[in-house]
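Let's take a walk through this structure together.

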Amino acid sequence: MSRIVFLNGSFLPIEEAKVPFMDRGFMFGDGVYEGVGVLEGRLVDNDAHLERLERSLREVRIPNPYTRAEWTHLEEELVRRNGVTEGFVYFQVTRGVAERDFMFPENAVPTVAMFTQVKAILDAPAARTGIAVVTVPDLRWKRRDIKSLNLLAQVLAKQAAREAGAQEAWMVEDGFVTEGGSSSGFIITREGRVVVRPLSNAILPGITRKALLALSKDAGIELEERLFTVDEAYDAAEAFLTSASMFVVPIVSIDGRAIGNGKPGPITKKLRDIYIRMATAPRMAAE
Ligand code: PDD
């Protein structure tokens, strides 16, 4: 079966999906995107992702081409057409096609592109063994709360991680961890408190982060939303990341230093289980 993508109103084989040369997404990275996990063929926490998409579009003043119901229908249809049971749906909206000029074009129509990826989430090796992380300076702009297409700093950060034998980069600003290259970062102190950076323009408001905060509160796990330093992270009992395509994944080393005993920790495992339970029972999703 050929891979089907969605482009500007049509479902097409990927080979036929062409974006014009002067698309502002290509020329300027002038657009925003979303990514939603798929489990058992269903979208995980999709409404929260669409809410964030609406906000990203508003913040960069690109008109939203679809209602929430229309977006959901397109995502579900693409998942169905590609037979995805476990993986990821990616969708992006750019300001459209116009002669290269920085100011907003007068009559451009937003470009909408969507694809799926098949990916093991529940049985991912990273979830079983944990991953290594390295820290890098956070080189990004000051509106990281917008899920912008401009990902050059993250591309460089994650490539540096790979070259150091790690699977994710934790970006650092003024000595404090902001977040992962494509994930939210958490530590668990030796006292058993789960610590995560509070929302601000310095980080993306992770949807998995948000759901996990609500779920862990319900499970009676102690939470602290505050900044944490790299040294605190080195000294943590456990650490983990969250993202729509990985859920909750243990971190077993940071900059080559073992976290805790260097194995996935019990609280992280419990949080992963709690999240998976929510994701496999979408009607009970955390609000
Ligand atoms: N990345 N922080 C950043 C910088 C991210 O890019 C992501 C997601 C997250 C986690 O957010 P969420 O839980 O909503 O996925 C945090 C996606 C998965 C990506 O770019 O592939």
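Which backbone N or O atom lies 2.8 Å from an oxygen atom of the ligand? It belongs to A244, and such a pair is a polar contact, meaning N or O atoms within 3.5 Å. The protein covers 90% of the ligand's own 470 Å² of accessible area (Shrake-Rupley method, 1.4 Å probe).

Before going on, note that this is a predicted model, where local features need pLDDT of at least 70, side-chain atom pairs count only at pLDDT 80 or more, and totals for chains, interfaces and linings use all residues. Residues are numbered from 1 along each chain as its sequence is written, and side-chain values use heavy atoms, leaving out hydrogens and water.

Now look at the wider surroundings. Around the ligand there are 19 residues (each with a heavy atom within 4 Å), and Y33, E179, I207, T208 and A244 come nearest. Domain 1 (4-118) and domain 2 (125-283) both give residues to this shell, so the ligand lies between them; the bounds come from an automatic or database domain assignment.

Technical notes
Polar contact = N/O pair within 3.5 Å; in protein donor to acceptor, adjacent residues only side chain to side chain.
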